[in-house]
Every structure is written in structure tokens, then in C-alpha cells.
Amino acid sequence: MGVITPIGQDLDSFWSALQTGKQGAAPVRSFDTSDLKTHVGCEVDYELPEALRPHVLGGRCTELALLSVIQAVEQAGAEAQLRGAADVAVVVGTTMGDVATFEQDRLAHRERQASVQELSSLAHRPLDVMGRSVASLYGLTGPVMTVPNACAAGAYALGRAASMVSRGQVRMALAVGCEGFSRLAFLGFQRLGAMSADRCRPFSRNRPGLLLGEGAAALVVETEETARRRGASIRGFVDGFGLSCDAFHITGPHPEGHGAARAMQDALTRAGIAPEKIDYINAHGTGTPLNDKMESLALRRVFPDDASRPPLSSIKALTGHMMGAAGAVEAAASLLALEHGVIPPTWNWEEADPDCDVDCVPNEPRAAELRHVLSNSYAFGGNNASLLLSSPTTGPS
Amino acid sequence: MTGHWVISATGVISAAGAGGEALHQALCAAAPLARPAGDDAPGLFTASLQDFKAKDYIQRRGLRDLSRTSQLACVAAFPLSRGLENADPVDVGVVLGTGWGCLESVVDFEWETCSLKPRFLNPLLFAETVPNVPAGQISIFFGWSGFSLTVSCSGASGLEALRDAVELLEEQRSPMVVAGGADAINVPALRVLQSDGKMASTAPSLPMGRDRNGIVGGEGACLLLLESADHAHGRGVQPLARLRATAGRSDGGGDGQTGPRSANIANVLRELLEQAELKASDVDLVASSADASPADGEEALALHEIFGEGADAPLVMTPKGILGESWGASGPLAAAAAIECMRTGQVPPRPQGFVTDPHLPPLRLPSETTNAQVRNAVVLARSAGGQASAVLLSSPGAC
């Protein structure tokens, strides 16, 4: 797997940042925020290797996706297996796709509507451009799938990729979640009253809201048999992928968390793992009053026994909400937690909230024997996804 | 595919109006629906729904603020909802394909951010910029809460959605899936394609025809209700068709300009037939994805390679000759048209004004509506990015 995030641009630096509480938040650099209410976001400073440029069919989102993919493929030692393959799938999750170039082009001409030339930077970068770029990089001729399921898209990508592999449709899949920092998303979330002005404080009383972020993560998915045959180091197992839909509100979650609970239960059922076997939950945990309350309620619904309810934490306190990338980055964080036996804490937590009566592992990494982890992702449209990931030493369910 | 999956209802809205019957009638009438797009887009030809308002089809509040794509999607879903009043909402999932993913809302919202103070921005318009919102609106409007998945693969989005729906059924995520595609006329994107020289400069511009000179913009939504044959039987529902096989693959990235090569399309067709355990000669009808672009030649080559020519070759229809290119909706609309051909035993002719292109391999595009028993139909879709996708439908009698 590979990650590129506001707090680390490879697995080691990312994991280290999760342990030390390195903040991704900084004054926004991509555009002028002086006329806005908030000015802080979680952006990534990166350099694109020249060799990658010919494969970048899109813009910033595509670049982030490719940077995460080359890390993942190198780390998995899978390049020889990928090159020119017809039985390798690319599954990409994103929210806004590659809108950043359009946004940048427009900044100089805000007094008039978009010209055809400006529109072309949008229309020439449709939602499937990240997937096509990844396919181009390795000459892949298998299925290329884009699941633009908003803030749950990264989890959807990994879940669908795992499904395609386990069904034998493809030998291997590259699951990618990616998002570029978007002015439109920044303004939109601000208008919804969902943004924090300084830091993101998931599960904390008086939490003000989310911080917008950007980034990407890629995971190489294959069967255990294929991985062992080629001598690959297994980072973890995708044991369950749960889905549900709130069918309630287009931008807000169901306040009682029914859909979120159903997605977690679905993942558990599909994995054949009892709730008490779950050791940790990587929360969606956006830091908005509604989400964290809802997720806490959902957790109590699925794990009603106070004594055996697993701890949960949100890394969005540091990374911000990377939208389409979030589910994939958080799956990577969950796998690293399994590997290291350490729960990344919820940083920036200040005060207990009676609406969030859960153990959110505040401000201090916690050593724990981790075998099975749930990673939750929720999105506009009431889309809920939960991934059940297991330790390589525990083995698949 | 491991199951015995059937289509038990269709919901259709296109430039031809609402319903599969209207669609089939328009195709059989063979009169292209393309018109000059008007002052918003001079020089463009589009086949659009004139004066479309979702409330004319669904008497429910809350539709007016939705994007046109979301409205089309909800209108297409409405007929399906009438057969599902007694279904447990959790038992119905939604998979929607969209090529442009509310791009027009992105452009509109961006303009709002330039012309209004931040506190006056329309939060509903922001929501509609997010590509999975049309599927979410369907779920909310009809209460279907099994799951919601959005798929985007340009012109192949709708058939890719059907493929994913089958996979989700096979994974037993819900016993029924409402699946298909939706895309509205998207003037900003069409203006860009026009400047790229991809849009028709005169009408009609007929797919596979000698005088084709580019794409006519279309719009619509089409949703199919998928379930197992046993489940449909248990509900007392007579299937309209069997969804017998699905296939799709990409060209390896593609340039986003030319669409899949003929070899890729031919491979997808071979995979489809193999999966369905059918011979090429078992196929009675092909619903082509030809859109009057140069890429039609690649599709014609592939169809000729797989199905040959002469009386044994399947009849070919080109729905986009009448409806234009409606991206995410195109594949499912062609599937709905194929189902109507099975039901009526009538295959639409090539569009009026069609002149055979001597440079393309010969295909059986009938010159008039043809009575034919359609047992098996192949529906094709392709994306500008090099994806070829296909589904194979069988008539209920062949199930």
C-alpha cells in the first residue's frame, strides 16, 4: 500500500505522524480565503517525478492517485505482475474528481462565466480520468472502474476491488482513493456550516466541524494464495465489506445511526466475525457535531455491551477530511495499526461529550493486541461503508 | 455470472418521452429527434426533453431543487417503485451510472461562488455537484436503503452499473437492485466537445452512416429492476427478460478521445458469448453503441468479426441515431429498447436519411421495421476512454 497525505507522504512518515500528532492543518495555499469565514485546510506539498507526467491524463487528483499507486506497487513488489496485464482491475474512489485545474483556471476570471477553454479543463478530466491514468501507467487492459461515492468512495474502492479478486474476476486489483484540494468543496462545506476555523476535534465536546483535506492511498489487492505464491509480504486481510444506505437526507446522516450500524453489522456478518472479536474501530469521525454523535450511537447499537465495546479513533483530527481519499487512507491506517499493535489516537480531543459516550482513545497512542479492525466511511447520499480488516498473523476469517 | 438474474421492470425517460413503449415507438418511427440546441449553444444539435419538469411525472414535493440529472433519475425510478410498495426498503439497492456526474451543477456552483457572497451560496446546489447525489436522491425519494453505488465510466457508465448490480446481487447484498444510468444534456461539456470537433455540425448525423459527422447530444435516464428469477416468481412478477451475461474491459488507459479499439470490443463480445454459453449465431439483435463518431468504425469491425454478415448475422439497431448520445443513460436505454423488441417482435429500422458507409464492413441495419423473434440480444456501450462494455439479454421464453 501507499499513501500521500497532509501529514506524511509515505507509510513510515504517515504512521509516525499518527503517533506524534503532527497536524496537517495550515492556512490554505491553493486559493485566497480572505473573503471566507475559515482559512485553514490540510493540503499536500508534493513533487511529481518527470517520469510520471506522460501518464497524468488529469490534474492534481490524478497526480496524487499516481503517487500513491507507485508507492503501493513498489512496496508490494508487484510491478512485474502488473505490467500489460489483462487480469488486473483498477478501482478508483473519488468525490469531486479532477476539478482543481478548472478551479485554478477560473480564479483569474471570476468576473465572467467560464469560457469554453476553461470548461475544457473540466470536461477533458471526467470522473474516470484517474483510473485511466493508472491503467496507462502499467498498460493494464482489465476492468477500470470509478466509484464516485463521495466521502465513502475510498472504502467503496477497496471493498469492490476485494470483491472482484475474491470472486476470481481478476487476479489482482489496485484500489485507489484520491482527492485534490477543492475550492468548491471548501466553500460548499463552509456554507453547510460544517467547517472548523482552526482544528478538527472529533468526538470532543463543542467540536466545531471538519477541516477539508486532500490526499490519496492505494492498496494492492490479491488472494492470499497469489500473494504467498509470489512471496509477497501480506499487510492484512479484507475480511468483510458492509454497505447500507440511509435513504434519509442528501447531506446529513440519519441522526440515530441506523444505516451506519447496518453497514458495520453487514461487514461483521460477511466476515463471519462476532462483534466481540473487534479490537478497534477507525471511525469516520469527521468532527462535525452530527456525524460524531450519530457514529457514537451506531457504535453502541452494534456493540451494546459497555464492557466489550471496542475503542474507536479518528485520524481526521490530523489529516482533515480527505473526502474520496479518506476511506482508503483510513484503511491503510487501520492496517498499520494491526501491524504495529498500536491504536492511533484521536488527537485534539479536549473534553468529553455526553453525546459521544465512547472510548475515542484521546491524544495518546495506545498499545493493544489487534486482530480485527473495522474502518467506517460515510458520505452524502446516505452512503455507508464499513471495511473489516484483519491482521496478517490472525489470518482471514 | 453465477445466478439466474432477470429484469422485472423498466423505467425510462428520454427525448422520446416516458416509458419503454414510447422509446420503442420512436425508434420504429425512425425520425431522428435532434434539433438545434438554441441560443445557449449555437451550432449544437441535441435530442432533449422539451420543457422537462419532474413534477409532471411524479406528484411529489422537493423535486424542483434537484439537478436535472437527479430529476431524470427519479422520474425513471418512479415506475419501478409502483411494483415495490410492499417490499422491505432494505431489500432494494440502487446502482446508478453517470458519465458526467452533475458536471453542469459544478459549473453553476462555481459561477455562484464567483458572483455571490459565500453566505448566499445555495447549499442544495453544492450537494448536487457531488456525483453520487442522483443515486442518493433516488434512495431518499423511494426509501430504498439496501445500498447505493454510483459508477462512472463515460458512455459505458450505465452498462457498467448493470454489471455491478449483478455482482452485488451475487454477493447477496439485497434481493433486488434498481440499476441503470442517467445523464442530462450538459451544455458546458457539449460546448467543449464542439470545440474539439466531436459534435455533429449538421443533422441528422447518423451512427454507422456515410454522412455521420459527429455526436448529437442526448439525455435521459433508464433504470431496470434486477432480481433472481425465483425472487420475481415469489413476488408473482413475470420477468421481461433475463440478464444472461455481462462483460467489460478497457484499452489500457486510452487517450480519452477515440474510444476502444475493435480488438477490445471483439474480446468483450467473445467473453459475453462464452459466459452466456451461446454461439454468435444465437444472437438475433445487437443494440449498437454507435454515436456517429469516427469510433463507429471500430465497433463495426468488431461486430463484423464476431457476427459476420448476411442473413445469419443479427439485426443491428442504432438507438443513438434517434436519441443522441446520453452517456450514462445510453446503455440502459438500449437495453430497454431491446426488451421492447423482444416483447413486440419488432426491430426498429435504421434512421431516416441513413446512407450506407462503403468504408465500413456490412452490418444488417434493416431499412424498415422488421418482424423478428428476438430471443437473444447484445447491448453494447463504449467510453471515450477506451472501455467497452456489453450485456446479453434473453427473452423470457428463452429463460
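This is a predicted model: local features need pLDDT of at least 70, side-chain atom pairs count only at pLDDT 80 or more; totals for chains, interfaces and linings use all residues.

Student: Is chain A as compact as a globular protein of its length, or is it extended, and what is its radius of gyration?

Tutor: Chain A holds 13 helices and 14 strands. For its 397 residues the globule rule gives 21 Å, and the computed value is close to that, so chain A is as compact as a globular protein of that length. Its C-alpha atoms fill a box of roughly 60 × 55 × 40 Å along the principal axes. The radius of gyration is 20 Å.

Student: What percentage of the contacts in chain A between residues at least 6 apart in sequence join residues at least 24 apart?

Tutor: A contact here requires C-beta atoms within 7 Å. Of the residues of chain A, 66% count as buried. Among the contacts in question, the share that joins residues at least 24 apart is 79%.

Student: Why is strand β7 of chain A described as largely enclosed, and how many of its residues are buried?

Tutor: In a regular strand the side chains alternate between the two faces of the sheet, and each face can be examined separately. Gly215(A), Ala217(A), Leu219(A) and Val221(A) point one way, Ala216(A), Ala218(A), Val220(A) and Glu222(A) point the other way, and all are buried. The strand is therefore largely enclosed by the rest of the structure, the count of buried residues being eight of the eight.

Student: Which residue of β7(A) stands opposite Met172(A)?

Tutor: Strand β1 (residues 2-4) pairs with β7(A) in the antiparallel sense over three bridges, and there Gly2(A) has Ala218(A) as its bridge partner. Strand β6 (residues 172-179) of chain A also runs antiparallel to β7(A), joined by eight bridges. Within β7(A), the residue opposite Met172(A) is Glu222(A).

Student: Which elements of chain B do the buried residues of helix α9(B) pack against?

Tutor: Helix α9(B) spans residues 262-276 and reaches 21 Å from its first C-alpha to its last, close to the 21 Å expected. Its buried residues include Ile265(B), Val268(B), Leu269(B), Leu272(B) and Leu273(B). Just after the helix, Glu277(B) takes a positive phi of about 55 degrees. The elements packed against are β10, α10, β15 and β16 of chain B.

Student: Which element supplies the largest share of the side of chain B that touches chain A?

Tutor: The contact takes 60 residues from chain B and 58 residues from chain A. Elements of chain B that each supply at least two residues include α4, α5, α6 and β10. The largest share, eight residues, comes from α3(B).

Student: How many nonpolar residues does that side of chain B have?

Tutor: Divided by class, the side of chain B that touches chain A has 25 polar and eight charged residues. The number of nonpolar residues is 27.

Terms used
Residues are numbered from 1 along each chain as its sequence is written. Chains are lettered from A and ligands numbered from 1 in the order in which they are written. Helices (H or I, at least four residues) and strands (E, at least two) are DSSP runs, numbered from the N terminus. The expected span of a helix is 1.5 Å times one less than its number of residues. A residue is buried if 20 or more other C-beta atoms lie within 10 Å of its own, exposed if 12 or fewer, and partly exposed in between; C-beta atoms are placed from the backbone. Two residues are in contact if their C-beta atoms, placed from the backbone, lie within 7 Å. The radius of gyration is taken over C-alpha atoms; the globule rule is 2.2 Å times the number of residues to the power 0.38. Two strands pair if DSSP finds at least two bridges between them. Ala, Val, Leu, Ile, Met, Phe, Trp, Tyr, Cys and Pro count as nonpolar, Asp, Glu, Lys and Arg as charged, and the others, Gly among them, as polar.
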